[in-house]
Amino acid sequence: MSLFLWILQIVLALLFMGIGGQRLTSSAQQLRRLPWTDEYPPAAIRALGAVEILAGLGLLLPGLLDWPPLLTPAAAAGLVLLMALAVALHLHRGQRQAAVLPAILLVMAAVVVWGRLTQLL
């Protein structure tokens with residue numbers, strides 16, 4: 001189970017750090033091309049990118065650096081919340097296909113929360 005959780009954590013961390021990095025480094029024009037960004041200022045989208053990078057690091061660093069193990073499920077829980085909001089946003093806008101990836105990532109992050117909390121208790 002631990003190996004499976006590590007694989008999930010690495011996949012999630014790489015995805016979120018990549019997406020977050022892209023949001024931090026993209027120009028305002030590039031950010032406007034995303035279908036959901038029309039109502040949000042570039043600073044808000046960049047802040048979201050920073051949160052995604054921090055969550056990705058939170059999935060890996062506690063286990064690698066002997067930090068408190070509760071930080072990993074906390075980071076994963078933050079991603080569950082973030083992805084639940086993304087799914088709700090896309091569904092509210094009628095973007096059913098765009099809601100699929102956040103829904104999958106939500107389930108993956110929820111498995112990490114459950115698995116790591118189960119190991120702690």
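**View A. The left-handed crossing of helix 3 and helix 4**. In this predicted model, helix 3 (residues 42–65) packs against helix 4 (residues 71–92) at an angle of about 150 degrees, and their axes lie 7 Å apart. Because angles over 145 degrees count as roughly antiparallel, helix 3 is described as roughly antiparallel to helix 4.

**View B. Residues at the contact of helix 3 with helix 4**. On the side of helix 3, the contact is made by L48, E52, A55, G58, L59, P62 and G63, which meet L71, T72, A75, A76, L79 and L82 of helix 4. Sorted by class, this contact of helix 3 with helix 4 comprises 9 nonpolar, 3 polar and 1 charged residues.

**View C. The salt bridge between R23 and E52**. A search of the whole structure returns 2 salt bridges, and in one of them the side chains of R23 and E52 meet with an N to O distance of 2.5 Å. This pair links distant parts of the chain, since R23 belongs to helix 1 (residues 2–25) and E52 to helix 3, 29 residues apart. R23 has a relative accessibility of 14% and therefore counts as buried, and E52, at 3% relative accessibility, also counts as buried.

**View D. The salt bridge between R93 and E39**. Here the closest N and O atoms of R93 and E39 are 3.2 Å apart, and the pair again links distant parts of the chain, with R93 in the loop between helix 4 and helix 5 (100–120) and E39 in the loop between helix 2 (28–32) and helix 3, 54 residues apart. R93 is partly exposed, its relative accessible area being 24%, whereas E39, at 57% relative accessibility, counts as exposed.

Key. Residues numbered from 1 in each chain as written. Predicted model: local features only at pLDDT ≥ 70, side-chain atom pairs only at ≥ 80, totals over all residues. Heavy atoms only, no water. Axes fitted to C-alpha atoms, helices over the stretch in contact; angles between N-to-C directions. Helix = DSSP H or I, 4+ residues; strand = E, 2+ residues; numbered from the N terminus. Parallel < 35°, antiparallel > 145°, perpendicular 65-115°, else oblique. Left-handed = near helix turned anticlockwise from the far one by under 90°. Contact = heavy atoms within 4.5 Å. Nonpolar A, V, L, I, M, F, W, Y, C, P; charged D, E, K, R; others polar. Salt bridge = Lys/Arg side-chain N within 4 Å of Asp/Glu carboxyl O. Buried < 20%, exposed > 50% of the residue type's maximum accessible area, 1.4 Å probe, protein only.
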